[in-house]
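Have the structure open as you read.

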Amino acid sequence: MILLPPQDKRQLAQMTLPPLQREIVQAQERSPIPYRYGSLDELLFELALRNSIVDSALALNGSGAQFAVYRKSRCNEMYWNRTEEGGFRLKNGVAPSDAITDIYRNGPLYGFECSMAMMIVMYKAVLDQIGSRAFNTYFTNLYLYDWQYDSDLGFRQGSLRLGPYPGDILYFKNPDHNPETPEWQGENVIVLGEDRYYGHGIGIRSSAEIIDALNRRRKPGSRRSAYLMDLIIYPNYDHIRSLRGVYARIGSTVYRRRGSQNEAYHPDSHQA
């Protein structure tokens, strides 16, 4: 159930939402889990960002970017420096928005793991929602590796009982993967819709198809199946929503405009 101030709840009922966002609202309303939002703007921003995450995943799937393990990762050196661990660090003097967009425009120049793909999808979706000015101000030290390394998006973890919904990151684990191919120990995926997932290198598949693909990469003689872990990973939507008005960042403190006033904001406070 979605919990909103009464006036906002009435307004939501009268709105015509895009199909994917409408499906999310309907699913949340049917759920016994309470989804509490302080305002309609808070809910609509989350819905829009989830929609953008799905769109970004579909676009990355069609970009021509290839799968590569970290030791063999590659990038367009006009925008990124490849690190020893296989991550991509933004080059000095390059706008973060330009570097993220280049992955989509020049996909064949890139090769990376599925976990890095999740970060690329998230950053592209955030860029589309908050705009290049705020994005370039806040993400000045952009580094692509995996979600466990990232702190700028404030990733959180939850259980499958909280959804999942389009835009969430899930993980299919392959406990008996062949040790000669550690890249098949599991698959990070973006939820696209009902039983549709995007995984970098594996493409758009159903859960059964992903599990079947992982099972084919088990060590010889194994009968233990791959499975979907009880884990949802999602960004801090309130924090990202607050970045829309960012005009400066000094260390961990960002400064944003709200109305005619300038306001300091620390990401760890998670204030809306």
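The crossing of α3 and α5 is right-handed. This is a predicted model, so to speak a computed picture throughout. The axes of α3 and α5 (residues 114-130) come within 8 Å and cross at roughly 130 degrees, and the two helices are therefore oblique to each other. On the α3 side, the residues that meet α5 include F45, L49, I53 and L60; on the α5 side, the partners include I120, V121, M122 and V126. Sorted by class, this contact has 13 nonpolar, three polar and two charged residues.

Helix α3 also packs against α2 (residues 19-30), at an angle of about 125 degrees and with the axes 9 Å apart. That angle makes α2 oblique to α3. This crossing, too, is right-handed. From α2, the residues L20, Q21, I24, V25 and Q28 take part, and they meet L43, E46, L47, A48, R50, N51 and V54 in α3. By class, the contact of α2 with α3 has seven nonpolar, three polar and two charged residues. A48 turns up in both lists, meeting α5 as well as α2.

| Helix pair | Angle between axes | Axis distance |
|---|---|---|
| α3 and α5 | roughly 130 degrees | within 8 Å |
| α2 and α3 | about 125 degrees | 9 Å |

Now for the pocket. Which element gives the largest share of the lining of the largest pocket? It's α3 again, with three residues. The largest pocket holds about 400 Å³ of space. It is lined by 19 residues, and the closest to its centre are Y35, Y37, E46, Y234 and Y237. E46 is also among the α3 residues that meet α2. At least two lining residues each come from β2 (35-36), α3 (40-61), β14 (232-234) and α8 (237-242).

Finally, the backbone has two spots to look at. Most residues other than glycine have a negative phi, and most peptide bonds are trans. The peptide bond from G163 to P164, though, is cis, with omega near -5 degrees. You'll find P164 in the loop between β8 (156-158) and β9 (169-173). The other spot is D195, which has a positive phi of about 55 degrees although it is not a glycine. D195 sits in the loop between β10 (186-193) and β11 (196-199).

Key: Residues are numbered from 1 along each chain as its sequence is written. This is a predicted model: local features need pLDDT of at least 70, side-chain atom pairs count only at pLDDT 80 or more; totals for chains, interfaces and linings use all residues. Side-chain values use heavy atoms; hydrogens and water are left out. On a 1 Å grid over the protein atoms alone, a cavity is a set of points where a 1.4 Å probe fits but cannot get out, and a pocket is an open set with protein on both sides within 12 Å along at least five of seven lines; lining residues have an atom within 4 Å of a point. Grid points are joined across faces, edges and corners, and a volume is the space filled by probe spheres set on the points. Helices (H or I, at least four residues) and strands (E, at least two) are DSSP runs, numbered from the N terminus. Axes are lines fitted to C-alpha atoms, for helices over the stretch in contact, and angles run from 0 to 180 degrees between N-to-C directions. Angles under 35 degrees count as roughly parallel, over 145 as roughly antiparallel, 65 to 115 as roughly perpendicular and the rest as oblique. A crossing is left-handed if the near helix is turned anticlockwise from the far one by less than a right angle, and right-handed if clockwise. Contact means heavy atoms within 4.5 Å. Ala, Val, Leu, Ile, Met, Phe, Trp, Tyr, Cys and Pro count as nonpolar, Asp, Glu, Lys and Arg as charged, and the others, Gly among them, as polar.
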